[in-house]
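Please examine the sequence and the model shown below. The paragraphs that follow lead through the strands, the sheets and selected side-chain pairs.

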Amino acid sequence: MGYLDNSSVTVDAILTLKGRELLAQGGNAFNITQFALADDEVDYDLWNPNHPLGTNSYGVIIENMPLTEAIPDETQACRYKLITLPKNQQTIPVITVGNTAITLQAGGDSAIISPNTSNFAGGNSNLGYTVILSDSLVADLQVTRPLQNSVLPTTPTFVGDNEDSRSVAAAGFEFNIVAKTQLIEDKTATLTVIGNETGGSVTIQLKVLKATTRTV
């Protein structure tokens with residue numbers, strides 16, 4: 001990761017492995033239909049209404065902050081997405097899953113995640129939620145209530161050369177987290193739940209305990 005020169009307007013875009021695959025196919029295979037904007041780098045505490053140079057300088061520090069280069073991992077980039085809400089909406093949508101953390105026994109133990117949206121009429125009842133599991137070596141991510149819409153939101157899968165520390169994502173209304181066997185030590189990961197319509201999100205901790213062995 002590096003920083004961009006913000007003295008001029010810059011668009012820095014990179015393709016995921018899936019994007020490169022579609023681009024290589026040619027024709028209309030590579031067709032961008034969705035995008036997201038975020039303000040991850042902005043620290044709004046730096047907004048200074050007491051700046052001695054007046055109103056035009058309230059945000060001068062924010063405007064001159066460096067921007068990070070694009071990275072294809074949604075667990076690290078675009079975590080704080082900008083959203084458009086109805087004109088008279090006065091509250092920010094809040095996503096809850098009923099847990100602040102999940103602990104599972106190794107090898108088959110599971111937990112159901114049923115996200116809920118408050119402070120927003122209709123919630124995410126049409127496009128549901130995207131869940132991102134930060135490490136597929138810790139658990140499997142399954143959709144138990146899939147979306148019914150013909151146009152589904154993008155669910156990125158971040159694939160490396162092997163499965164080590166691979167992030168996976170799925171979209172739906174309900175999800176099942178199934179622990180994988182851990183023979184060496186307890187393993188941890190994060191689960192990030194994002195409302196596909198409201199943009200609200202929540203991240204919870206996942207822990208899978210080391211498998212116990214019996215001696216005879």
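**Strand pairing and side-chain contacts**

Strands E5 and E10 pair in the antiparallel sense over four bridges; two strands count as paired if DSSP finds at least two bridges between them. Helices (H or I, at least four residues) and strands (E, at least two) are DSSP runs, numbered from the N terminus. The model is a predicted one, in which local features need pLDDT of at least 70 and side-chain atom pairs count only at pLDDT 80 or more, while totals for chains, interfaces and linings use all residues. Residues are numbered from 1 along each chain as its sequence is written, and side-chain values use heavy atoms, with hydrogens and water left out.

Ser-110 is located in strand E5 and stands opposite Val-178 in E10. Ser-110 touches Leu-104, Asn-176, Ile-177 and Val-178, residues up to four places away in sequence not being counted; contact here means heavy atoms within 4.5 Å. The C-alpha atoms of Ser-110 and Ala-179 are separated by 6.0 Å, although these residues are 69 residues apart along the chain. With a relative accessibility of 37%, Ser-110 counts as partly exposed, given that buried means under 20% relative accessible area, exposed over 50%, and partly exposed in between (1.4 Å probe, protein chains only).

The E5–E10 pair belongs to an open sheet of three strands, in the order E5-E10-E8 and with antiparallel pairing. Strand E5 (110-113) and E8 stand at the edges, each with a single partner strand, so one side of each lacks a neighbour in the sheet. Neighbouring strands of this sheet are turned by 20 degrees against each other on average, direction ignored. For such angles, axes are lines fitted to C-alpha atoms, for helices over the stretch in contact, and angles run from 0 to 180 degrees between N-to-C directions.

A second open sheet has five strands in the order E4-E12-E11-E7-E9, with mixed pairing. Its edges are formed by E4 and strand E9 (168-172), each with a single partner strand, so one side of each is left without a neighbour in the sheet. E4 and strand E12 (residues 201-208) pair in the parallel sense over four bridges, and Ala-101 has Gln-205 as its bridge partner in E12. By contrast, strand E7 (residues 129-133) and E11 pair in the antiparallel sense over five bridges, with Tyr-129 opposite Gly-195 in E11.

In a regular strand the side chains alternate between the two faces of the sheet.

What links distant parts of the chain through side chains? Two salt bridges are counted, a salt bridge being a side-chain nitrogen of Lys or Arg within 4 Å of a carboxyl oxygen of Asp or Glu. One joins Asp-140 and Lys-180, with the closest N and O atoms 3.5 Å apart. This pair links distant parts of the chain, 40 residues apart: Asp-140 is in strand E8 (residues 139-145), and Lys-180 is in the loop between strand E10 (174-179) and strand E11 (187-195). Asp-140 is partly exposed, at 34% relative accessibility.

Asp-186 and Lys-207 form a salt bridge with the closest N and O atoms 3.8 Å apart. Here too distant parts of the chain are linked, with Asp-186 in the loop between E10 and E11 and Lys-207 in strand E12, 21 residues apart. Asp-186 is partly exposed, with a relative accessible area of 36%, and Lys-207 is partly exposed at 34%.

For the chain as a whole, the model has two helices and 12 strands. From the N terminus on, the elements run β-α-α-β-β-β-β-β-β-β-β-β-β-β. Buried residues make up 30% of the 216 residues in the protein chain. Among contacts with a separation of 6 or more, 74% are between residues 24 or more positions apart.
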